[in-house]
Amino acid sequence: MRRHNSAASQSFKGFDPVLAWIMAMGGLLIFWSLGGRDLWQDEAETALLGLNILKRGLPYAYDGVNFISAEAGREFGPDFLWRWSPWLQFYAASLGLAVLGKTAAACRLPFAFMGWFCLPLVYAVAGRLFTSRRVAWLSALLLA
């Protein structure tokens, strides 16, 4: 059984300027030109189902005009309610679309934030597992 080294865990508390730099650089990479290109296949499907959530409250694959399907209709049931994949990503996309409007950046923003928030989490986990700031920095930097 591994002993908990309280001195090592204490050294990871407080502000770390290197982690702040990694977060800034990671944010630049993640958020730069977030809406600079059109949505593609899965992103577009997620955005359209997110828009249907805003209209009807649930991810329906038919909005009265268009069907959302890449698998010949196997993704939804007879009522057009989506059943192919879990719904959480559609609700995340609908949140971005509701707040920022119908843009590619709005659809991608919730997912970009989730990815960006993984940087300090990886830093914390690596720091706790290896009790080394250098390993924690490298882990977050490689993820960024």
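**View 1. Packing of helix α4 (residues 88-100) against α5, at an angle of about 120° with the axes 7 Å apart.** In this predicted model, local features need pLDDT of at least 70 and side-chain atom pairs count only at pLDDT 80 or more, whereas totals for chains, interfaces and linings use all residues. Residues are numbered from 1 along each chain as its sequence is written, and side-chain values use heavy atoms, with hydrogens and water left out. Helices are DSSP runs of H or I of at least four residues, numbered from the N terminus, and axes are lines fitted to C-alpha atoms over the stretch in contact, with angles running from 0 to 180 degrees between N-to-C directions. The two helices α4 and α5 are therefore oblique to each other, a term for angles that are not under 35 degrees (roughly parallel), over 145 (roughly antiparallel) or 65 to 115 (roughly perpendicular). α4 passes α5 in a right-handed crossing, that is, with the near helix turned clockwise from the far one by less than a right angle. Contact (heavy atoms within 4.5 Å) is made by Q89, A92, A93, G96, L97 and L100 of α4 with A106, C107, L109, P110, F111 and M114 of α5. By class, these are ten nonpolar, two polar and no charged residues, where Ala, Val, Leu, Ile, Met, Phe, Trp, Tyr, Cys and Pro count as nonpolar, Asp, Glu, Lys and Arg as charged, and the others, Gly among them, as polar.

**View 2. Helix α5 (residues 104-130) beside helix α6 (residues 133-143), with axes that come within 8 Å and cross at roughly 150°.** That angle makes α5 roughly antiparallel to α6, and the crossing of the pair is right-handed. On the α5 side the contact involves C118, L119, V122, Y123, A126, G127 and F130, and on the α6 side R133, V135, A136, W137, S139, A140 and L143. These residues divide into eleven nonpolar, two polar and one charged.

**View 3. The buried residues of helix α3 and their cover, which includes α4 and α5.** Buried (under 20% relative accessible area, with a 1.4 Å probe and protein chains only) are E45, T46, A47, L49, G50, L51, N52 and I53. Just after α3, G57 takes a positive phi of about 90°.

**View 4. G35 in the loop between α2 (17-31) and α3.** With 45% relative accessibility, G35 counts as partly exposed, the class between buried and exposed (over 50%). Not counting residues up to four places away in sequence, G35 touches A104, A105 and R108.
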